[in-house]
Amino acid sequence: MADQEIDRALKLVANLSIDKASQVLSKMIKAGAKIELEGVSLEDVTKATERVMQSDTGDVVGAFVDLVGDLPFKFLFYVDANDSLTLTDLILRRELGTTKKFDVYVTSTVQELGNILASAVTNVFASDFQIKMKPTPPIVVHDYASTIFGEYIMEAAAEQDEILMIESMFRVVRLNVKCRMFLLPKGDAQKELAAIVGKI
Amino acid sequence: MAKRILLVDDAPIIRLMIKDILVECGGYEIVAEGATGKEALDLYKQLKPDLVTMDIVMPEMDGIQALEEILKFDPKAKVVMVTAIDQRESLMKAIRLGATDYIVKPFEADRVMSAVQKALGE
């Protein structure tokens, strides 16, 4: 199968995953959430890190989730730290602005969003492609986006110079809340994924 | 008399969401909250609640193991599983083991109430 066709098939997998994630996010926060696929790309590790450092300069709250099973992936969801307060209000159906400081509920909101979004992705892999995966409990971190992203890709960067990254941006309609979601195949999963999507 | 509920989930936000729904509906008392399967088992033995809402993916002891242990201790225990969308296999296992019902996250208040009321025979 030609690289172009594999690329198209990978984008199909990514789009199905983020469509599902978009549905569950909208339901959870009771507000329209639009998720856009920013790209599925084989990217140089250093360039990918620089790009994230340039686009997200502030501190963020994120959730790392290991997806284990037939095709291991690393999942990362993060949101600008101030926007995590808004997401907490949305989830708890509180008036916006009620949550003013980082507390256990803010951390837990990001943890649960990470869990539910990762589950939405594994659901697509299982139902549409018969690939069994399940998320492990999320690990929540609060730091600069570049630090979190660096930690996220560290393992892959040690093994290879280029990484296959599925990247998407969420926008919560009317509130200008921006979040990002990344999917990174672990170990041989990249080759296996290419082989699987090659059969689509 | 208010029905006594034990909420178990490693995410405090989910416990708070379920608690808000039950409190708003009225007629329920949240007797305790747990964040792991082990805590669920200990709290169940100690408090004997009328119903448990139980997350599946939790550290230490997961919700399935906790369900098994609770049912060993009290075969009549009423446990409603709370799970994310992809946990179909675990959910089926929980139902086979004896879970009373289940709620899929993200959930609506109506679905929570319907599962709780059905489990309690209301």
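Visitor: Which helix of chain A holds A:Gln54?

Guide: A:Gln54 lies in helix H2 (residues 45-55) of chain A. Helices here are DSSP runs of H or I with at least four residues, numbered from the N terminus. This is a predicted model, where local features need pLDDT of at least 70, side-chain atom pairs count only at pLDDT 80 or more, and totals for chains, interfaces and linings use all residues. Residues are numbered from 1 along each chain as its sequence is written, chains are lettered from A in the order in which they are written, and side-chain values use heavy atoms, without hydrogens and water.

Visitor: Why does A:Gln54 count as exposed?

Guide: Exposed means over 50% relative accessible area, buried under 20%, and partly exposed in between (1.4 Å probe, protein chains only). A:Gln54 has 64% relative accessibility, so A:Gln54 is exposed.

Visitor: Why is A:Cys179 called buried?

Guide: The relative accessible area of A:Cys179 is 2%, so the buried label applies.

Visitor: What makes B:Cys25 partly exposed?

Guide: B:Cys25 has a relative accessible area of 41%, so B:Cys25 falls in the middle class.

Visitor: How many disulfides are there over all chains?

Guide: A disulfide is a pair of cysteine sulfur atoms within 2.5 Å. By that rule, the count over all chains is zero.

Visitor: Which residues line the largest cavity?

Guide: A cavity is a set of points on a 1 Å grid over the protein atoms alone where a 1.4 Å probe fits but cannot get out; lining residues have an atom within 4 Å of a point. The lining residues include A:Lys74, A:Glu155 and A:Gly187. Helix H5 (residues 145-159) of chain A gives the largest share, three residues.

Key:
On a 1 Å grid over the protein atoms alone, a cavity is a set of points where a 1.4 Å probe fits but cannot get out, and a pocket is an open set with protein on both sides within 12 Å along at least five of seven lines; lining residues have an atom within 4 Å of a point. Helices (H or I, at least four residues) and strands (E, at least two) are DSSP runs, numbered from the N terminus.
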